[in-house]
Amino acid sequence: MRLLFVVQRYGARVAGGAELCCREYATRLASRGHHVEVLTSCAVSYVDWANEFPEGRHELDGVVVNRLPVACPRDHDLFGPLHARVLGGRPTPLYLQREWMRQQGPYVPELPRWLEREADTFDAVVFFTYLYYTTWAGLPVAAAQAPTVLHPTAHDEPPIHLPLFDYLFRHATGLGYLTEEEGEFVERRFRLRRPSAVLGIGMDLDATGAEERFRREHGLGDRPYVVFVGRVDPHKGAVELADMFRAYKARNPGPLALVVVGEPVWPLEPHPDIVVTGFVDESVKRDALDGAIALLQPSYFESFSMVVTEAWVQGKPVLGQRRNDVVFGQLRRSGGGIPYTGFAEFECALDMVLGDAALRERLGKNGRAYVERRYRWDDVLDRYERFLGHISRSGMPARAVDPAASSVS
């Protein structure tokens, strides 16, 4: 098949679960003999969308990457108040929601024109994710010319309830979900009748880390530690987690450390027992997981949470946010961790895994077995190829109605 993936950012320097999922799918499908191209921006950071990659067409790991420039970086003085108004809970006119989307970015005005020229040369055009301009502006154009797949990577957050997105989802020929919970949520929200599949994200079951190297490079010595991996961002629960860990250490003095691995979008208050590494590559992330007692996943907003399954590959238990339906569903199905809500349950769950080596081993083994059953890459790619084949044969959906002329009163 000839496949085109459209995503807001792409490349080894890009930190983000949806972007990594897209890159893994694209690279691995190319290695199976498909002709795979990517259409994306020149940006690395979603904070400002500044152009950092060179514009143009080049090859990366067997995939042809087409990069278009962002017309202008995000203007935070403009976007901040607009974001607060549009997502503040009160209805706003559709023209303001559209301006919010342009400011949300990455604003790549050449992207719809590129798709208008090229989309019909592909068997399927695949979009990641629902939230950004590249999908909002690109999917309606591509859907008029080729079968399309939307991977929403959606969860119950304020933007997805905007009327702006009501017609967008109806342009997709098919919908690819990462978990059952994501699919259930999207179908409740949009009441769609479209071909869909729960595909998941594959895992490399042979991935291992080097604990000693990580400890040496980050001055941990022989201290026990738990680890958070992800964007250091209030929306990912990182700030709340750091606050709860400080409270835990005040009540439970000792050598335990929290290691925070990820892109530092938000500064954390310094603490002697919190080690912040910043953004690291995949091998260092595996090293960090290898030495950890447990992974902490505090995020309220996830559509899959790759780091949870990555921790299970290495046999590590997970303490996860109970209010996150996706994380709780993965914990419940796998038996690979302990959910918590609030500080009291967090403290109790952490005490349990710290104090019981047999429990840690059992949870880690359960998680590893769950990944082996559901997320071997060959199995995931087999499912994906069948789904893409079905979508490419099924043609295009009826054109959705764009409510551009209406307003939300």
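## A chat about the chain

Mentor: Trp-49 is found in the loop between strand S2 (35-41) and strand S3 (56-60). Keep in mind that this is a predicted model.

Trainee: Okay. Is Trp-49 buried or exposed?

Mentor: Trp-49 is buried, with a relative accessible area of 2%. The cut-off for buried is under 20%.

Trainee: What about the phi of Trp-49?

Mentor: Its phi is positive, about 60°, although Trp-49 is not a glycine. Ser-305 also has a positive phi, near 75°, and is a residue other than glycine.

Trainee: Where is Ser-305 found?

Mentor: In the loop between strand S12 (295-297) and helix H10 (306-313). Ser-305 counts as buried, at 5% relative accessibility.

Trainee: Let's zoom out. How many helices and strands does the chain have?

Mentor: There are 14 helices and 14 strands. The radius of gyration is 21 Å, close to the 22 Å that the globule rule gives for 409 residues, so the chain is as compact as a globular protein of that length.

Trainee: What does the C-alpha trace span?

Mentor: About 60 × 45 × 40 Å along the principal axes.

Trainee: And what share of the chain is buried?

Mentor: Buried residues make up 56% of the 409 residues. As for contacts with a separation of 6 or more, 70% of them come from residues 24 or more positions apart.

Trainee: What about the surface and the charges?

Mentor: The accessible surface comes to about 16,700 Å², and 50% of that belongs to carbon and sulfur atoms. The chain carries 48 positive and 54 negative side chains. The centres of those two sets lie 4 Å apart.

Trainee: Now strands. In which sense do S9 and S10 pair?

Mentor: Strand S9 (residues 225-229) pairs with S10 in the parallel sense, over 5 bridges. Tyr-225 has Ala-257 of S10 as its bridge partner. For Val-226, the partner in S10 is Leu-258.

Trainee: How many residues of S9 are buried?

Mentor: 5 of the 5, so S9 is largely enclosed by the rest of the structure. Tyr-225, Val-227 and Val-229 point one way, while Val-226 and Phe-228 point the other way.

Trainee: What does Thr-277 touch?

Mentor: Leaving aside residues up to four places away in sequence, Thr-277 touches Phe-214, His-218, Val-259, Val-260, Val-261 and Gly-262. Thr-277 sits in strand S11 (residues 274-278). It is buried, with a relative accessible area of 17%.

Trainee: Helices next. How many residues of H3 are buried?

Mentor: 8 of the 11 residues of H3 (residues 94-104) are buried, so this helix is largely enclosed by the rest of the structure. Among them are Leu-94, Trp-100 and Met-101.

Trainee: What do the buried residues of H3 pack against?

Mentor: They pack against helix H2 (76-86) and helix H5 (133-143).

Trainee: What follows H3?

Mentor: Gly-105, whose phi is positive, near 75°. A cis peptide bond joins Gly-105 and Pro-106, with omega about -5°. Pro-106 is in the loop between H3 and helix H4 (110-118).

Trainee: Where is the cis bond with omega about -15°?

Mentor: That one joins Phe-128 and Thr-129. Thr-129 is in the loop between strand S5 (124-128) and H5.

Trainee: Switching to Glu-182. Buried or exposed?

Mentor: Buried, with a relative accessible area of 1%. Glu-182 is in helix H6 (residues 180-190). Its contacts beyond four places in sequence include Pro-152, Tyr-177, Ser-303 and Val-326.

Trainee: How far is Glu-182 from Val-198?

Mentor: 8.7 Å in space, C-alpha to C-alpha, and 16 residues in sequence.

Trainee: Last one: where does Ser-394 lie?

Mentor: In helix H14 (residues 377-394). Ser-394 is partly exposed, with a relative accessible area of 39%. Its C-alpha atom is separated by 7.6 Å from that of Pro-147, 247 residues apart along the chain.

Definitions and conventions
Residues numbered from 1 in each chain as written. Predicted model: local features only at pLDDT ≥ 70, side-chain atom pairs only at ≥ 80, totals over all residues. Heavy atoms only, no water. Helix = DSSP H or I, 4+ residues; strand = E, 2+ residues; numbered from the N terminus. Rg over C-alpha atoms; globule rule 2.2 N^0.38 Å. Buried < 20%, exposed > 50% of the residue type's maximum accessible area, 1.4 Å probe, protein only. Contact = heavy atoms within 4.5 Å. Areas by Shrake-Rupley, 256 points an atom, 1.4 Å probe, with all protein chains shown as cover. Lys, Arg positive; Asp, Glu negative; His and termini not counted. Charge placed at Lys NZ, Arg CZ, Asp CG, Glu CD. Pairing = 2+ DSSP bridges.
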